[in-house]
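Q: I have a model open and would like to go through it with you. Could we begin with the ligand and then move on to the backbone?

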Amino acid sequence: MAETFDAVVVGAGVVGASTAFHLAKLGGLKVALVERDQVCSGGTAKSCAIVRTHYSVPSNTALTVRSLAMFAAFADWLEDDEAESGFVRTGYLIIAPEGDFAARMRANLALQTEAGAETVIVDRAAARARHPLLALDDAALIAWEPNSGYADPYLTTTSFVRAARAKGVVVMTDTPVFGLIVEGGQVRGVRTARGELHAPVVITALGPWTAALARGVGLDIPLEVSRHTVLTFRTNAPYARTLPVVKDLCTANKMYFRPATGGVVLVGTGDYGDPIADPDVMDETVGDDFVLFQGGQLAHRMPDFAAAELTAGWVGAYDITPDWNPVLGPVPGIDGLTLAFGFSGHGFKLAPAVGLCLAQRTLGQEMDIDLAPYAFERFAAGNLLSGAYGVGSIS
Ligand SMILES: Cc1cc2nc3c(=O)[nH]c(=O)nc-3n(C[C@H](O)[C@H](O)[C@H](O)COP(=O)(O)OP(=O)(O)OC[C@H]3O[C@@H](n4cnc5c(N)ncnc54)[C@H](O)[C@@H]3O)c2cc1C
């Protein structure tokens with residue numbers, strides 16, 4: 001016999017976990033969180049989990065400022081003394097070259113201050129005082145965010161799930177969802193490997209896998225998937241875990257780097273990446289050419305890394321929408337269904353606040369941050385949330 005819930009959340013990455021938790025916390029709903037694999041086994045597991053407020057879309061900054069407040073009081077917010085996000089408040093430096101990017105960055109800093117972020121322009125000496133390993137000769141403009149940093153994606157997601165369970169959320173892992181049940185323009189639940197789950201509210205948080213499920217109910221969603229490689233490097237001296245996160249807009253692939261466990265630096269890219277047709281058939285090879293290229297860019301920014309050793313590398317998929325910002329909301333023609341997808345390589349930091357706001361909207365409560373800009377219809381209406389730095393996850 002089918003089980004019945006008030007709401008079903010599909011996908012136990014950081015977005016689904018946060019959403020399920022907030023539905024239970026704010027509304028006391030009977031919620032099922034359904035995951036085909038294990039908790040935090042999708043894109044979230046590959047995430048660099050950098051939390052920065054620098055954006056050119058003001059609502060992204062507002063969501064991150066809200067998330068930062070949650071990271072700062074994580075156990076209290078989750079009402080669980082054991083909850084941990086691994087958040088380290090290192091601060092964040094963003095570097096722009098001479099030209100367009102510097103001008104846009106200056107304008108964006110004003111937007112961010114209005115959206116509640118603390119951010120200031122600093123000169124090269126001040127930046128080096130915070131991060132002595134940096135060579136900054138080609139940096140035309142540098143901004144500093146003292147409250148930003150990085151977290152641990154696995155700890156964050158599993159903490160949301162643990163706290164959700166404590167509030168009664170039923171967590172079903174190893175339970176693929178095969179399809180959405182829709183009758184008369186209303187979602188009625190999902191079909192899973194364990195049978196049907198009935199609910200008047202279904203929220204999908206499936207990252208790159210959203211298109212497959214949406215297609216089953218006739219929805220053609222604007223979503224591309226691309227692979228991105230993350231590398232870690234070590235040099236003679238351990239890379240201190242409190243060194244600021246750095247975003248380098250002087251590089252071709254919008255490189256960023258941050259400290260990681262074991263005294264290494266973790267390096268990623270914020271560019272388009274390599275397109276892939278199917279997230280389940282992703283080439284996970286870390287290419288030598290890419291390692292050399294990225295290692296060279298890193299050594300340019302930090303000369304101490306000229307003879308660094310590669311210690312690890314992995315590949316993850318970005319779920320990309322046409323404007324590099326997520327869709328968060330209902331879809332036309334199917335009442336009760338909410339899609340949360342297309343985080344375009346920058347969804348970790350948004351997830352705590354997105355889960356909160358999705359739950360608030362589902363419960364008919366006022367949202368802390370209005371999700372209206374992230375409507376599905378914005379693409380057809382031409383209301384894109386395009387960022388100031390072109391293609392890429394900086395948005
Ligand atoms: C390499 C990399 C680096 C990144 N770095 C950052 C960063 O520094 N900062 C930042 O803010 N963001 C970053 N991101 C982006 C961020 O990690 C993602 O936007 C975020 O984790 C997406 O979470 P999600 O819950 O939407 O998706 P996912 O974590 O992908 O979760 C989707 C879940 O759905 C499950 N699923 C799929 N199909 C089904 C089905 N049919 N039935 C049931 N379950 C199903 C999957 O198994 C998966 O667990 C990065 C991403 C990558 C790949």
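**Ligand shell and backbone**

A: The shell around the ligand in this predicted model comprises 19 nonpolar, 15 polar and five charged residues.

Q: Which residues come nearest to the ligand?
A: Of the 39 residues around the ligand, the nearest are G13, G42, G207, G316 and G347.

Q: And which helices and strands each supply at least two residues of that shell?
A: Those are α1 (14-27), α2 (43-46), β14 (224-234) and β19 (309-320).

Q: Staying with α1, how many of its 14 residues are buried?
A: Twelve of them are buried, so α1 is largely enclosed by the rest of the structure. Among the buried residues are V14, F21, H22, L23 and K25.

Q: What span should α1 have, and how far apart are its end C-alpha atoms?
A: At 1.5 Å a residue, α1 should span 20 Å, and its end C-alpha atoms are 20 Å apart, which agrees.

Q: What happens in the backbone just after α1?
A: G28 takes a positive phi of about 60 degrees there.

Q: Changing topic: which residue has a positive phi of about 50 degrees although it is not a glycine?
A: That is S344, located in the loop between β21 (334-341) and α10 (351-362).

Q: Is S344 buried or exposed?
A: S344 is buried, because 24 other C-beta atoms lie within 10 Å, and the cut-off for burial is 20 or more.

Q: What about the phi of W324?
A: W324 is not a glycine either, yet has a positive phi of about 60 degrees. W324 sits in the loop between β19 and β20 (327-331). With 26 C-beta neighbours inside 10 Å, W324 also counts as buried.

Notes: Residues are numbered from 1 along each chain as its sequence is written. This is a predicted model: local features need pLDDT of at least 70, side-chain atom pairs count only at pLDDT 80 or more; totals for chains, interfaces and linings use all residues. A residue is near a molecule or strand if its C-beta atom, placed from the backbone, lies within 6 Å of it. Helices (H or I, at least four residues) and strands (E, at least two) are DSSP runs, numbered from the N terminus. Ala, Val, Leu, Ile, Met, Phe, Trp, Tyr, Cys and Pro count as nonpolar, Asp, Glu, Lys and Arg as charged, and the others, Gly among them, as polar. The expected span of a helix is 1.5 Å times one less than its number of residues.
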